[in-house]
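Hello,

Here is the structure I promised to pass on to you. Please open it beside this email and follow along as you read.

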Amino acid sequence: MLVGGQSVTEFLSSVLPVPGNSRLEDESQRPLVTLTFAQSLDAKIAGKGGKQLILSGRESMLMTHWMRTKHDAILVGIGTALNDDPQLNSRHIPEDERPSHLPRPVILDTNLRLRPDCKLLKNYRERKGRRPWVICDANLTPDDGRKSILEDAGARVIGVPSVDGGSCFIVIPDLLKVLYNFGIKSLMVEGGATVIGSFLAECARTKPNTIIDTLIITIAPMLIGDDGVGYGEKLLATQIPSLKHIQTEVMGRDVVIVSALK
């Protein structure tokens with residue numbers, strides 16, 4: 001597939017952040033972060049109640065799967081994990097072109113609600129995917145065996161501090177530092193709405209480019225309506241970072257916009 005006269009891999013190499021630059025050597029060590037998702041024309045990313053919507057067309061979906069192979073890990077929230085039961089792999093790339101690298105699945109699951117029979121864990125047990133990491137509240141003390149059940153199913157459970165020691169929101173800078181210390185140098189954040197909103201809101205509390213390096217949004221030519229789930233309803237104007245346009249490309253029926261945060 002050609003994008004603006006170049007291959008999709010050349011396109012991604014030209015717009016994605018490159019691990020190994022000097023910024024990663026400072027005290028705030030973290031992975032390079034790509035925040036990416038598909039949305040409708042009316043900025044919806046899921047259906048009613050978080051129901052999965054197939055928004056991306058064939059070409060932009062293929063781009064997303066290639067993008068996954070260029071990151072050490074892929075992060076999704078527990079809502080996406082429960083509603084979509086994703087595989088977070090590169091299965092849409094033709095097998096004879098598919099790179100051997102598989103990204104690490106990371107699930108932001110504060111209260112350990114991930115199902116032990118989910119596709120991510122099933123793929124790991126069948127040696128079709130890498131071991132998923134489940135990020136929970138470091139202060140969580142479940143008494144029903146949830147942690148042991150997930151670990152027995154193959155997950156690695158990692159605790160990260162939550163806001164005010166509660167069990168609602170993981171502290172994103174702490175999350176990024178933990179992942180970096182575990183060897184994740186590039187992270188692709190795919191959603192869902194709560195995760196996207198949290199990463200964007202965190203940019204308002206810190207310098208934007210200390211949280212997100214690149215924002216890649218696929219816009220599909222469809223309307224979902226008020227029942228759909230958006231990612232910006234709870235963001236205040238002061239929580240929306242400024243963007244610097246990098247590139248816009250048409251991929252099949254979709255438009256892909258690449259920006260940096262400033």
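**What I found**

Let us begin with Gly57, which sits in the loop between β4 (44-46) and α2. (Helices, H or I with at least four residues, and strands, E with at least two, are DSSP runs numbered from the N terminus.) Before going further, please note that this is a predicted model, in which local features need pLDDT of at least 70 and side-chain atom pairs count only at pLDDT 80 or more, while totals for chains, interfaces and linings use all residues. Residues are numbered from 1 along each chain as its sequence is written, and side-chain values use heavy atoms, with hydrogens and water left out.

Back to Gly57: is this residue buried or exposed? Its relative accessibility is 8%, so Gly57 counts as buried. Here, buried means under 20% relative accessible area, exposed means over 50%, and partly exposed is in between, with a 1.4 Å probe and protein chains only. The areas themselves come from the Shrake-Rupley method with that 1.4 Å probe, and for residues only the protein chains shown count as cover.

**Far apart in sequence**

Gly57 and Met251 are 194 residues apart along the chain, yet their C-alpha atoms are separated by 8.2 Å. You will find Phe11 in helix α1, where it is buried, with a relative accessible area of 0%. For Lys207 and Leu261, the distance is 9.2 Å from C-alpha to C-alpha, with 54 residues of separation in sequence. Lys207 belongs to the loop between α7 and β10, and at 61% relative accessibility it counts as exposed.

**Salt bridges**

How many salt bridges are there? The count comes to 6, where a salt bridge is a side-chain nitrogen of Lys or Arg within 4 Å of a carboxyl oxygen of Asp or Glu.

One of them joins Arg30 and Asp213, whose closest N and O atoms are 2.9 Å apart. Arg30 is in the loop between α1 (8-15) and β3 (32-39), and Asp213 is in the loop between α7 and β10 (214-219), so the pair ties together parts that are 183 residues apart in sequence. Both ends are buried: Arg30 has a relative accessible area of 3%, and Asp213 has 16%.

Another salt bridge runs between Glu190 and Arg68, with 2.8 Å between the closest N and O atoms. This pair links distant parts of the chain, because Glu190 is in strand β9 (residues 186-191) and Arg68 in helix α2 (residues 58-69), 122 residues apart. Arg68 counts as buried, at 7% relative accessibility.

Glu59 and Arg58 form a salt bridge too, and their closest N and O atoms are 3.3 Å apart. Arg58 is exposed, with a relative accessible area of 65%.

**A charged patch**

Now look at the surface, where Arg91, Lys119, Lys122 and Arg125 gather in a patch of positive charge. Patches are made of residues with over 30% relative accessible area and no salt bridge; like charges are joined within 9 Å, and nonpolar side chains (Val, Leu, Ile, Met, Phe, Trp, Tyr) within 5 Å. Lys and Arg count as positive and Asp and Glu as negative, while His and the chain ends are not counted. The place of a charge is taken as NZ of Lys, CZ of Arg, CG of Asp or CD of Glu.

**Backbone details**

Which peptide bond is cis, with omega near 5°? The one from Gly191 to Gly192, and Gly192 is in the loop between β9 and α7.

Asp85 has a positive phi of about 45° although it is not a glycine. This residue is in the loop between α3 (78-84) and β6 (104-108) and is buried, at 19% relative accessible area. Leu112, in the loop between β6 and α4, likewise has a positive phi, near 55°.

Enjoy exploring!
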